[in-house]
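Here is a quick tour for anyone meeting this protein for the first time. Have a look at the sequence and the structure, and then we'll walk through a few spots together.

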Amino acid sequence: MKKNNLTKKIFCALILGVTMGIVALFLREKLVASGNIELWNTINSILFQDITRPEGNKSLGIFFIVGQLFINALQIVIIPMVFTSIIIAVTNIQDSKSLKRISGKTFLGFGLSSILALLYASVVGMIAYKADLFSVTINQVTGGGGATSSNPLLIIIKAIPQNIIAGLSNNGNVLVAVFLGISTGLILNVMNDKNSVIKKGIEEINKMSQIFLTFIINKFAPIAIFSLLMRTFAIYGISYLQIASIYFILTAVTLLVFLVFGYSFIVWVSTGLNPIHFMKKVSNVAMFAFSTSSSAASLPLNTKTTIEKLGVDEVTTSFVLPMGMTVNMNGTAIMQVLATLFIAGVAGYEITVFNLITISLLALLASIGTPAAPGSGAIILFTILTGMGYSNEIAVSAYAIILGINRPLEMLLTALNVVGDSAVAVYVSKSEGKLNHDLYHLVEDKDEVIKI
């Protein structure tokens, strides 16, 4: 109920923020046209001015401050959540021959499905980008700049830092957090200390980070989104609303198509099983994930459905689903690719094939480190933008719009994430000869409901 109330509040904040922003836009145009530009400058100074700029030295910038505080609070937990989530996922791998074999097949399934999702998102995104669906001219903004001219392959070198503390001190270094998380997890596995204080401490930090993130979103998201969107539309105009609607519809349709047809294709190709049975039985999990917008909250139902309805053995399920909750984020990766291309198009950056490959790689690695908590995907998106150098004022404004309109998309992509975990679990169990075919092909009573 609280999540539903939050969703309603965020949706209301979105509508109200856009509406009031457009009202402020027309007010500005009217005041400027009537020669009362000084009155508008006063209103802008009190409500909307960026106080970090030289012209904002004596401004209040109330809406700017509220929005910036929210974004800063979200960024606080990026590195600790990515770092600890990866460690926890790696330490769940048991040191036995059977699970080593299962882990190999699991990551193969995750990898291939992620590649398919990224290829699909890249093609859709580039078609939209080349068709100028993401292009808009903002006359009020000066400056800009293009994409970074440095070799994108430098991200590989920067993934291994010379200093651990320095490497984890920058939110743009998500690859550092991934590398150090995997390394630390493997070291803890070698130590094999069940009572490890470090492991317990990492789990506590992860839990604290998720609680902090949930608190920030639950308590401050509506008012912050209202402030961000009202300021954005008041300053930059209604052209963003048209572009944002294109992004939203394109991303929603792209996610839905992959959810229905992409996973059906994956199950059919990898197992030879009828994908219709899979989609029907996993639909309840998809709807639950959509309503909660959390892979973690969906794990109990997903586990029960995968074992009791899809016929996957318990050993495979207990390994694949928790691991997938952290590293198998196809929906998140698709959203991040499309969102990055959207922001690049709006902000005037040029995208080449080489840039697209880099964006896809960053989206894959960033999605692996995305915690299973509501709103995490859009937060991690900021690290991709930073890594690509998409940081001018228009890019930040476009990112603010995504924060506002991304809640329904986060709900939809969460459904993709959890369904993807089940698809890989079916593949692994089938390849191990442990899938219960009778359960998988069992036709269910339409009125039957799985309870947890």
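## A threonine in helix H10

Let's start with Thr-271, which sits in helix H10 (residues 239–271). Keep in mind as you look around that this is a predicted model. Thr-271 has a relative accessibility of 10%, and since anything under 20% counts as buried, Thr-271 is buried.

What does the side chain of Thr-271 reach at 2.5 Å? That would be the backbone oxygen of Val-267. A polar atom of the Thr-271 side chain also lies 3.1 Å from the backbone nitrogen of Leu-273. Beyond its neighbours within four places in sequence, Thr-271 is in contact with Val-426, Tyr-427 and Lys-430.

## The nonpolar core

Next, the inside. The largest nonpolar core has 122 residues, and Tyr-263, Phe-278, Ile-343 and Ile-351 have the most contacts inside it. Helix H9 (residues 197–236) gives the most to this core, with 14 residues.

Take Ile-343 as an example: leaving out residues up to four places away in sequence, Ile-343 touches Leu-381, Leu-385, Ala-395, Ala-398, Tyr-399 and Ile-402.

## Aromatic rings

There are nine aromatic pairs here. In one of them, Phe-215 and Phe-220 have ring centres 5.8 Å apart and planes at 80°, so they make an edge-to-face pair. Phe-215 is partly exposed, with a relative accessible area of 42%, and Phe-220 is partly exposed too, at 39%.

Elsewhere, ring pairs link Trp-40, Phe-48, Phe-63 and Phe-226 into a cluster.

## Salt bridges

The count of salt bridges comes to three. One joins Arg-101 to Glu-432, with the closest N and O atoms 2.9 Å apart. This pair links distant parts of the chain: Arg-101 is in helix H5 (residues 97–130), while Glu-432 is in the loop between helix H18 (407–431) and helix H19 (437–441), 331 residues apart. Arg-101 is partly exposed, at 41% relative accessible area, whereas Glu-432 is buried, at 16%. Glu-432 also meets Lys-105 in a salt bridge, at 2.5 Å from N to O. Lys-105 lies in helix H5, 327 residues away from Glu-432, and both of these residues are buried.

Then there's Glu-308 with Lys-304, whose closest N and O atoms are 2.8 Å apart. These two are separated by about one helical turn, because they are four residues apart in helix H12 (residues 295–308). Glu-308 is partly exposed at 39% relative accessibility, and Lys-304 is partly exposed at 28%. As for the shared partners, salt bridges join Arg-101, Lys-105 and Glu-432 into one network.

Definitions and conventions:
Residues numbered from 1 in each chain as written. Predicted model: local features only at pLDDT ≥ 70, side-chain atom pairs only at ≥ 80, totals over all residues. Heavy atoms only, no water. Buried < 20%, exposed > 50% of the residue type's maximum accessible area, 1.4 Å probe, protein only. Polar contact = N/O pair within 3.5 Å; in protein donor to acceptor, adjacent residues only side chain to side chain. Contact = heavy atoms within 4.5 Å. Core = buried A, V, L, I, M, F, W, Y, C linked by side-chain atoms within 4.5 Å. Phe/Tyr/Trp six-rings, centres within 6.5 Å; stacked < 30°, edge-to-face > 60°. Salt bridge = Lys/Arg side-chain N within 4 Å of Asp/Glu carboxyl O.
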